Amino acid sequence: MKSADLEVLERALDWLNHGYQAHLFTVVQTWGSAPRLPGAVLVVRDDGHLIGSVSGGCIEDDLADKARNQTLPTQPSIMEYGISREDAQRFRIPCGGRLQIFVEPLQHASQLLPIVQNLRDRKLTKRSIRISTGEITLAEVLPEGAPRIEGDWFHTYFGPQWRLLIIGANQLGATLASMAQALDFEVLVCEPRPEIRDEWHVDGVTWVYGMPDDVVLDIAPDTHTAIVAVTHDPKLDDMALLEALKSDAFYVGVLGSQKNQEKRRERMRMFDLSEPEIATMRGPVGLRIGSRTPAEIAVAILAELIQVRAQQTTIGLAREVSCAA
């Protein structure tokens, strides 16, 4: 779930509260080359206003035209684009691309308010719609899944925005915060040293005040949270790690050379951390790409973070398929 998707749902909720009607479109499945992945959402208002994306172009234009002409489905339905060569050329879908889209008419704010509230509360939720009646059910889930149609039901999954807690407001922390926001992470920053905090120059972050260990506990890291310590001060970095490694954070990394990381692991063993917990620490942090400058190190960190996130999402999908089987 990206913050942009929450923005789509919140905007749609605002439209419904102001008396508009709309349609919610969700990419169910793609074949071949496709601009957006399953789960991507778009809302088209009855006058053609739209927010979000299912293709990045002409399909949105076609759906807006249908909305203005009142030719969109009046019941939950399935639409497909790119089935024929002519469709693919008309809608500029890449060669061999095909999209299956679930369409849900929206008349009342009550259709979206519960899922928007769950997202604001950082809950991972399965939203199910009975196609024949429009009935909606919500269920909290553990692994995130892919949208799917199962008999008379369409299931899709919404999770909280990915967030990154940075321990340290130095030059690397600032560069990392700026790049992470461009990648749609909510960025939190902890820096107990006022002389460094006062020189911060990156907008858009959330400051969390306190010592690193207390801050980690206060934010209650979930499986959509990453924590990276970059102060280069062992006292501060280690404080964060003592709580981060016991949390549900999907990624915990810390700056430092291989030799310093070995010493850090020895220090971690002096506390109530298990070997499996210590083993989850990413240090030296980031992919090995020969990075040296703050910007290069930030790229390496975010690349590894994205890699780990993708691997865990894949594992979650595999678990769901296994459970379904």
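How many of the residues of S13 are buried? In strand S13 (225–229), 5 of its 5 residues are buried, and the strand is mostly covered. Buried denotes a relative accessible area under 20%, exposed one over 50%, and partly exposed the range in between (1.4 Å probe, protein chains only).

The structure is a predicted model, in which local features need pLDDT of at least 70 and side-chain atom pairs count only at pLDDT 80 or more, while totals for chains, interfaces and linings use all residues. Residues are numbered from 1 along each chain as its sequence is written, and side-chain values use heavy atoms, with hydrogens and water left out. The pLDDT is the predictor's confidence in each residue, on a scale from 0 to 100. Its mean over the protein chain is 89, and 88% of the residues reach 70 or more. Over residues 317–325 the pLDDT stays under 50, and the model has 8 contacts for this stretch beyond four places in sequence. A contact means heavy atoms within 4.5 Å.

The protein chain has 325 residues, of which 48% count as buried. It contains 11 helices and 15 strands; these are DSSP runs numbered from the N terminus, with at least four residues for helices (H or I) and at least two for strands (E). Among the contacts with a separation of 6 or more, 59% come from residues 24 or more positions apart.

An open sheet is formed by 5 strands in the order S3-S2-S1-S5-S4, with antiparallel pairing. Strand S3 (50–52) and strand S4 (77–81) are its edge strands, each pairing on one side only. Neighbouring strands of this sheet are turned by 25° against each other on average, direction ignored. Two strands pair if DSSP finds at least two bridges between them. Strand S1 (residues 22–31) and strand S5 (residues 98–106) are joined by 9 bridges in the antiparallel sense, and alanine 22 stands opposite leucine 106 in S5.

S13 has parallel partners in S10 and S14. S10 and S13 run parallel and are joined by 5 bridges, with leucine 165 opposite isoleucine 227 in S13. S13 pairs with strand S14 (residues 251–254) over 4 bridges, also in the parallel sense, and isoleucine 227 stands opposite valine 252 in S14. In a regular strand the side chains alternate between the two faces of the sheet. From S13, Thr225, Ile227 and Ala229 point one way and Ala226 and Val228 the other, all of them buried.

Isoleucine 167 lies in strand S10 (residues 163–167). Isoleucine 167 counts as buried because its relative accessibility is 0%. Leaving aside residues up to four places away in sequence, isoleucine 167 touches Cys190, Pro212, Ile227, Val228, Ala229, Val230, Thr231 and Ala240.

Aspartate 222 occupies the loop between helix H7 (212–219) and S13. Its relative accessible area is 16%, so aspartate 222 is buried. Beyond four places in sequence, aspartate 222 touches Arg122, Pro160, Arg163, Asp248, Ala249 and Phe250.

Helix H5 (residues 171–182) has 12 residues and spans 17 Å from its first C-alpha to its last, close to the expected 16 Å at 1.5 Å a residue. The expected span is 1.5 Å times one less than the number of residues. The buried residues in H5 include Leu172, Gly173, Leu176 and Ala180. Just after H5, aspartate 184 takes a positive phi of about 75°.

How values were computed. Axes are lines fitted to C-alpha atoms, for helices over the stretch in contact, and angles run from 0 to 180 degrees between N-to-C directions.
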